[in-house]
Amino acid sequence: MPEPILQIQGLNAHYGDFQALYGVDMEVSEGEVLAVIGSNGAGKTTLMRSITGLLSNGPGQIKYHDKDISRLRADEIAIQGLSMVPEGRQLFPSLSVRENLMIGAQVGRKGPWSLESVYKLFPILEERKDQQSTSLSGGQQQMVAIGRALMANPDLILFDEISLGLAPIIIKDIYDALPGIIGEGMSAIIVEQDISKALSVSSRVYCLQEGRVSLEGTSDTVSREDISRAYFGIE
Amino acid sequence: MTLQDYHVTRSSNAARTAAILGALILIALVAAPWWAGRADMRLMGEIFLYLALASLWNLMAGYAGLVSVGQQAFVGFGGYMLFALTMFAGLHPIAAIGLAGVFGALVSVPVAVLIFRLRGAYFAIGTWVIAEVFRLGFAQISSLGGGSGSSLPVAIVKSLASKRAMRESLSYWLALGAAVTVITAVYLFLRSRKGLALTAIRDNELAARSLGIDIWRTKFTVYVVTSALTAMIGALIFLQKLRISPDAAFSVNDWTAFVIFIVVIGGIGTIEGPIVGTLVFFALRETLADLGTIYLIVLGVVAIVIMLKAPKGIWGLIRARFDLQLFPLGYRVMVPGKTDKS
C-alpha cells in the first residue's frame, strides 16, 4: 500500500451558520486518482475549497505529506505542491494565455512541467499563447486552467467540475489528456458530475451526499445500485 | 483569410509613435530652462510632481486595490524629513530627498501592518486617520516650528546652487526626473513577475490566492514602495515651496483629493490615465483658478459627470473608441488587410 499523500479526518466546513460538510474522512495515496461524485449541493466544491485553504478549517483535519495544513493560508498550501483547477476555470482576463500559465509557476516548484511541456500537452495553447485568455473557447480556457495548475508542479492536483459547461467532444479531449498528466506520478482528485467518466479514470471513488460521505469504494467494483443509492439517498 | 494571417503583438504603431513622440517631448522638456519663463517652469515642475503622485496612487489603488485617502501622510513626512535632515543633520538637500524615501519606507512598514487589517471603506478611513496622526505629531515638534511651521534656511537653499536661475532649473529637472522615474518604474513593475501577480490579484483574488500568490505580501510591497516614493516626491514638493507647516504638509485636499480626481478622471488602472488626468486638472485649474470657490464646484461636477458617464475615465473612453495603448502592457490581435488604425 503506497503512502497516503492526503489524509482528511472528521472535516467539518461552515458557511457562516450553515454547515456544509459533516465529519468527512478521505485518503489519497501517492499516484492515485480519486473521483468525488455527488449531486449539486452535496459539498464537493466545499471539500475542494477546504483542502486548498480557501475555506478555513479546524486544526488537525487535513494532513498533507503528514503535515497538518488545515490552518494554512491558500497560498501557503499551494507552495506545498497542491494545485487546483477551479470550477469555472477562473482565468485572469487581463493576462494572456502565456501569462496565465506563468502565474502558475510563481510558487517556484521544480518538476517536469514548464511552458514547453504544457504546450506539448495542449499544442493549441502555444498557437494562442499571446491572446487574451478570455478570447479562447471554453475548452481551450479549461486547458489553460489545467496548464496553469500543472505549472506549479504539484504532487496532488484537484480538478473541480472538470467538464462543467463544455461540449462532449471537448470533454473527451480533456479526458484523453488526463493519463499524460497523471502518468507523471501525480495524485489527483477529480470532482465530476458525469459518473461513468469519473469511474473510468479513477481507481477509487467517494460519493458525497448532503455533506457526508455516502459511499466509498474501488471504481471498478462499485455497482450502479450502490451509486444511485449513495447519490440520491433513496433506498 | 486563414487563421495564420492573424498575428498577435504586444507592440503597436501607436505605441511606437508614442515612444518616439514621448522621447521628443522629453528632450524639449529637459531643455525647458532655455526656452520657458520662470512662471512656466514653476507650473511645469508642479505638474510633474502631481503626475508622479497620481501615478503612484494609481499603482496603489488601480492595480493593488489599496484605496488610500491618506497618502498625504507620506507627502508631509517626506517634506518634514527634507527640512529636518538638512537643518539638523546638515545633509545636502538631494541626499535628504533620497533619505526621505528610505525613512518613508521604514515608517510605512508599521503603518501597513496596522491598516492592512482593515478592508474597503475602513481601510480608506484608517489611512486618513493615520495621516491626521502624522499631522498632529509633527505639529508637536517645536524645533520644526510646531503648528506654525518653518522655512528652509537660506544657506541650505543656496547649497543647492548659488544662483537663483540655476536653482530653479535644478528643482525643475528634479521634478521632471521624478515624474519620468515614477512612470518608468510603474511600467517596468507591471511588466515584471510581481506585476503579473498584481494584475492576477486585481482580476481574481481568490484564484490568485489558490495559485500560491501571497496577496498580503504583494500588496505590502506595493504599499511600501509607493509610500517611499511618495515621501521623496513630498520632499521635492517642499524643496520647491521652501516653507513647510503641518496644515500644508498633510493637506488631504492638496495631496489626496486632487490626486484622486486626476486618476479617476484620467482613467484608473491604466498608466496613461494619470497623464491625461494631470493635464486636464491643470488645464481646469489654470483657467478657473480666478473664480475661487466656483473652481472647486466645477472640479466636483466634472468628477461626478465622468464617474457616471465614463467610469473608466477619459483614457478608458479613448481606449474603447480607438483601441489605443501607449504603454504596451496587454496584447492585441492584428487582422491582416486592416491597417493598424491606432
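Predicted model: local features only at pLDDT ≥ 70, side-chain atom pairs only at ≥ 80, totals over all residues.
**Chain B as a whole**

Select chain B and colour it by secondary structure. Its 342 residues are arranged with 16 helices and four strands. The radius of gyration is 21 Å, close to the 20 Å of the globule rule, so chain B is as compact as a globular protein of that length. Along the principal axes, the C-alpha atoms occupy a box of roughly 75 × 50 × 40 Å. Buried residues make up 41% of chain B. Among contacts in chain B with a separation of 6 or more, 77% join residues 24 or more positions apart.

**Helix α1 of chain B**

Next select residues 13-30 of chain B, which form helix α1. At 1.5 Å a residue, these 18 residues should span 26 Å, and the end C-alpha atoms, 25 Å apart, agree with that. Is α1(B) mostly buried or in the open? Of its 18 residues, one is buried, so the helix lies largely in the open.

**A pair of packed helices**

Now select residues 252-266 (α13) and 293-309 (α15) of chain B. Two packed helices are described by the angle between their axes and the distance between the axes. Here the angle is about 35° and the axes are 9 Å apart. The crossing of α13(B) and α15(B) is left-handed.

Show the side chains where the two helices meet. From α13(B) come B:Phe261, B:Val264 and B:Ile265. They meet B:Leu299, B:Val302, B:Ala303, B:Ile306 and B:Met307 of α15(B). Which kinds of residue make up this contact? Eight are nonpolar, with no polar and no charged residues.

**Where chain A touches chain B**

Bring chain A into view. In this contact, 25 residues of chain A face 18 residues of chain B. On the chain A side, the elements giving two or more residues are α2 (74-79) and α3 (97-104). That side divides into 13 nonpolar, eight polar and four charged residues.

Most residues other than glycine have a negative phi.

Select B:Leu242, in the loop between α11 (215-241) and β3 (243-244) of chain B. Its phi is about 65°. B:Leu242 is partly exposed, with 14 other C-beta atoms within 10 Å.

Finish at A:Glu161, in the loop between β7 (156-159) and α7 (168-182) of chain A. The phi of A:Glu161 is near 50°. A:Glu161 is also partly exposed, with 19 other C-beta atoms within 10 Å; a residue counts as buried at 20 or more.

Technical notes
Residues numbered from 1 in each chain as written. Chains lettered and ligands numbered in written order. Rg over C-alpha atoms; globule rule 2.2 N^0.38 Å. Buried ≥ 20, exposed ≤ 12 C-beta atoms within 10 Å, placed from the backbone. Contact = placed C-beta atoms within 7 Å. Expected span 1.5 Å × (residues − 1). Axes fitted to C-alpha atoms, helices over the stretch in contact; angles between N-to-C directions. Left-handed = near helix turned anticlockwise from the far one by under 90°. Nonpolar A, V, L, I, M, F, W, Y, C, P; charged D, E, K, R; others polar.
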